[in-house]
Amino acid sequence: MSRRFLLSITAVVFLSSVTALCQQTKPADGVSIVQPGAPGQSNKTLTPETASAPPRKPSADDVKFMQGMIMHHSQAVEMTELLKTRSEDPAVQALGKRISISQTDEMRFMKQWLTERGEPVSEHGSMDMAGMNMSGMDHDHMGHMDMAMPMMPGMLTPAQMKALAAATGPQFDHLFLTGMIQHHTGALTMVKDLFRTQGAGQDPQLFDFASDVDNTQQAEIDIMRHMLKEKQ
């Protein structure tokens, strides 16, 4: 067999391998796109067709739930801010930090969910409590704001917030834990009301998010109840 013939065979094999490799690495028409899931949920793989489709029109109850939960979460984050200067218990401080981080992330998700669907982030137009800096606001002023806005289930009254802000040490920890249990229980009520409403909660992202809120806040209620028993 001549050397030229062997070189020709080698060249054909090499070109065939390159062609096969190119065919394997060429993106398929149905290339997948990864969509981040709701807080606490895994990512989802979408096809180009589903990725390009606009989100389905949410029901009025879906929008109201998300807007109300943003305001609800904002008060919880405000409560955790008080921990930095009024609590002396490392366990309570650690729990408060966890609540603050998770609920801040969830507010960001809820705002994005509403914005993507062309809905305002607040039921009250431009007033978005979750985006306001309340660190320098006196609690009497905040109390007037709370009275001017509808209270979501479980939210602390202006008087309760004022008492929490005035307390320190063990008294603060007790008021914080009992207040946050009340607050979380209200969030569970909001989720139950959403799922009981006909036609609401059908959006997949909303359903996953609300289910995660239900599971997470119930677990945190159990933790806080245990902390209160230990302090008795």
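From the N terminus on, the order of elements is α-β-β-α-α-α-α-α-α-α. That gives eight helices and two strands. Both are DSSP runs, numbered from the N terminus: helices are H or I with at least four residues, strands are E with at least two.

A word on the source. This is a predicted model, where local features need pLDDT of at least 70, side-chain atom pairs count only at pLDDT 80 or more, and totals for chains, interfaces and linings use all residues. Residues are numbered from 1 along each chain as its sequence is written, and side-chain values use heavy atoms, with hydrogens and water left out.

Now the overall numbers. The protein has 232 residues, and 39% count as buried. Buried means under 20% relative accessible area, exposed over 50%, partly exposed in between, with a 1.4 Å probe and protein chains only. Take contacts with a separation of 6 or more: 75% come from residues 24 or more positions apart. Contact means heavy atoms within 4.5 Å.

Next, the cores. A nonpolar core is a set of buried Ala, Val, Leu, Ile, Met, Phe, Trp, Tyr and Cys residues joined through side-chain atoms within 4.5 Å. The largest has 24 residues, and F65, M66, M69, M110, L114 and F209 touch the most other members. Helix 3, helix 4 (90–116), helix 7 (169–196) and helix 8 each supply at least two residues. Helix 3 gives the most, seven residues. A second, separate core has 22 residues, among them M79, I99, L188 and M227.

Look at V63, in helix 3 (residues 60–86). V63 is buried, at 8% relative accessible area. Beyond its neighbours within four places in sequence, V63 contacts P58, L114 and E119. S122 is 59 residues away from V63 along the chain, yet their C-alpha atoms are separated by 9.3 Å.

Last, helix 8, residues 204–231. Its 28 residues should span 40 Å, and its end C-alpha atoms are 41 Å apart, which agrees. The expected span is 1.5 Å times one less than the number of residues. At the helix start, a side-chain oxygen of D203 comes within 3.0 Å of the backbone nitrogen of Q205. Q205 itself sits in helix 8 and is buried, at 16%. Its side chain makes a polar contact of 3.4 Å with that of R117. Polar contact means N or O atoms within 3.5 Å; within protein, one must be able to donate a hydrogen and the other to accept it, and residues adjacent in sequence count only if both atoms are side-chain atoms.
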